[in-house]
Amino acid sequence: MATIVPTVNEIKLKALEAFVKKFGENANICVCAPGRVNLIGEHTDYNEGFVLPMALPMVTIIVGKLSNDTKTRIVSLNETVKYENEVEFEADIRENIKPEKTQWANYIKGCIAHFVCDVPSFNAVIVSSVPVGAGLSSSAALEVATYTFLEALTNIQSKTPVDKALACQRAEHDFAGVPCGIMDQFISVMGKEGCALLLDCKTLDIKQIPISQINDYVFLITNSNVPHKLSSSAYCERRDNCYKAAEMLNKKSLREASLNDIRVLESQKVPDLLIRRARHVITEIQRTVDAAAALEKGDLKLFGRLMNESHDSLKNDYNVSSIELDTLVSAAREVRGVLGSRLTGAGFGGCTVTLLEKDVIDQTIKHIRANYSGNATFYIASPSMGARILGIN
């Protein structure tokens, strides 16, 4: 059976109770931001391509209140990873905020440093149902929840949702040291219930793609419970490969390239590694556009086929899959009623996403467990809302 994700209200109640226990008073601010699953469009965002994520019911919740002294105190109760669960720092002068060893705190500090105004000191408790290291963007959920909390704390909003997402991205770049693309922050800010989000990473234009019409089908997330291990160096290496290929083609980015350009690279006897990296990105960008159109038309068979092609490209050309992910994908594809399955997220662990008939969910889970030596967990992925302020009661 699929894992039952705690509801937003259940997580909120846990956070509010923890705040009273820790700080001896009631919180007066409560916000949340979701994790995401990317349905298709992997490693295209930093190549100015398209992505198609949707927000998940799994959320990070922050509750809190202004502090009476100069210290900001934050407690994390995320039980999916053994965090150093408490951090304290001066927060009233942004210029003095520096990264520290407590890694999760750097996402918060980065948001404070890139907020639209100075932030007064506060106390807060964080509780999250987004699995850490699963490729479901727990980091963006924390960033966007933090930024939403700061908006409520200061009563000052970002000019646009795009500004908010970009500020959260800068926080990850500057304080967490991860040169991520823009997808995760965008979907966590702008997710819409019942829709996936087609994002043009070049223009930052968005289009909400309704997926409520899939009726008898559902997306199933399978967590390998192998933390995704695409290190910063491996990520940067692939990104730099793409930039190098674009430069050799005299293109601003691989978004401007086509399959004809792959033949150009081959004729120039460019190293095979660069050709394969470029081929994945070029074909993945087109797959994502085609997949969004298929979803709008209700052509789920085409959508599933494109998911399969995406995984195979990530495995063979981009080399970011793993034995565990390949096993999960292969097992899922063997079940009648499964239309497509692929890794989702950066790769080398984390999760897969599978499009399948609702009637074969239990059968698929059973078959995957019979073929996978690890301890996988399963979630039904329903398209949910983006960041928002929640009532205290």
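This is a predicted model: local features need pLDDT of at least 70, side-chain atom pairs count only at pLDDT 80 or more; totals for chains, interfaces and linings use all residues.

Reader: Is Asn155 buried or exposed?
Author: Asn155 has a positive phi of about 60 degrees although it is not a glycine. Its place is in the loop between α3 and α4. The relative accessible area of Asn155 is 67%, and since the class in question begins over 50%, Asn155 is exposed.

Reader: At what relative accessibility does Lys164 count as buried?
Author: Lys164 is found in helix α4. Leaving out residues up to four places away in sequence, Lys164 touches Val144, Tyr147, Thr148, Glu151, Ser158, Val189 and Ala387. Lys164 counts as buried because its relative accessibility is 9%.

Reader: How many of the eight residues of helix α5 are buried?
Author: Helix α5 (residues 183-190) is mostly covered. What covers its buried residues includes the strands β1 (29-40), β2 (50-66), β6 (195-200) and β7 (206-210), together with the helices α3 (138-154) and α4 (161-176). The buried residues are Met183, Asp184, Gln185, Phe186, Ile187, Ser188, Val189 and Met190, so that the count for α5, with buried taken as under 20% relative accessible area, is eight of eight.

Reader: Against which elements do the buried residues of α10 pack?
Author: Helix α10 spans residues 323-333, and its buried residues are Leu325, Asp326, Leu328, Val329, Ala331 and Ala332. These buried residues pack against both strands and helices, namely β8 (217-223), α9 (300-316), β9 (338-344), β10 (351-357) and α11 (361-371).

Reader: What separates the C-alpha atoms of Thr222 and Tyr379?
Author: Thr222 is placed in strand β8 and counts as buried, at 0% relative accessibility. Not counting residues up to four places away in sequence, Thr222 touches Leu328, Gly350, Cys351, Thr352, Ile368, Ala376, Thr377 and Phe378. Although Thr222 and Tyr379 are 157 residues apart along the chain, their C-alpha atoms are separated by 6.6 Å.

Reader: Are α7 and α8 roughly parallel or antiparallel to each other?
Author: Two packed helices are described by the angle between their axes and the distance between the axes. For α7 (residues 259-267) and α8 (residues 272-297), the angle is about 175 degrees and the axes are 10 Å apart. An angle over 145 degrees falls in one class, and α7 and α8 are therefore roughly antiparallel.

Reader: How do the residues of the contact of α7 with α8 divide?
Author: From α7, Leu259, Ile262, Leu265 and Glu266 take part, and they meet Ile275, Ala278, Arg279, Ile282 and Thr283 in α8. The residues of this contact divide into six nonpolar, one polar and two charged.

Reader: Which residues in the largest nonpolar core touch the most other members?
Author: In soluble globular proteins, nonpolar side chains tend to be buried together. The largest nonpolar core here has 55 residues, and its largest share, 10 residues, comes from α8. Apart from this core lies another, of 38 residues, among them Ile62, Leu142, Ala165 and Leu199. In the largest core, the residues that touch the most other members are Val37, Leu52, Leu136, Phe219, Leu254 and Phe303.

Reader: What kind of pair do the rings of Phe19 and Phe23 form?
Author: A search of the whole structure finds five aromatic pairs. The rings of Phe19 and Phe23 have centres 4.7 Å apart and planes at 45 degrees, so this pair is tilted.

Reader: How many residues apart do Phe19 and Phe23 lie in helix α1?
Author: Phe19 counts as buried, at 0% relative accessibility, and Phe23 is buried as well, with a relative accessible area of 18%. Both lie in helix α1 (residues 8-23), and their separation, about one turn of the helix, is four residues.

Notes
Residues are numbered from 1 along each chain as its sequence is written. Side-chain values use heavy atoms; hydrogens and water are left out. Axes are lines fitted to C-alpha atoms, for helices over the stretch in contact, and angles run from 0 to 180 degrees between N-to-C directions. Helices (H or I, at least four residues) and strands (E, at least two) are DSSP runs, numbered from the N terminus. Angles under 35 degrees count as roughly parallel, over 145 as roughly antiparallel, 65 to 115 as roughly perpendicular and the rest as oblique. Contact means heavy atoms within 4.5 Å. Ala, Val, Leu, Ile, Met, Phe, Trp, Tyr, Cys and Pro count as nonpolar, Asp, Glu, Lys and Arg as charged, and the others, Gly among them, as polar. A nonpolar core is a set of buried Ala, Val, Leu, Ile, Met, Phe, Trp, Tyr and Cys residues joined through side-chain atoms within 4.5 Å. Buried means under 20% relative accessible area, exposed over 50%, partly exposed in between (1.4 Å probe, protein chains only). Rings of Phe, Tyr and Trp (its six-membered ring) pair if their centres lie within 6.5 Å; planes under 30 degrees apart count as stacked, over 60 as edge-to-face and the rest as tilted.
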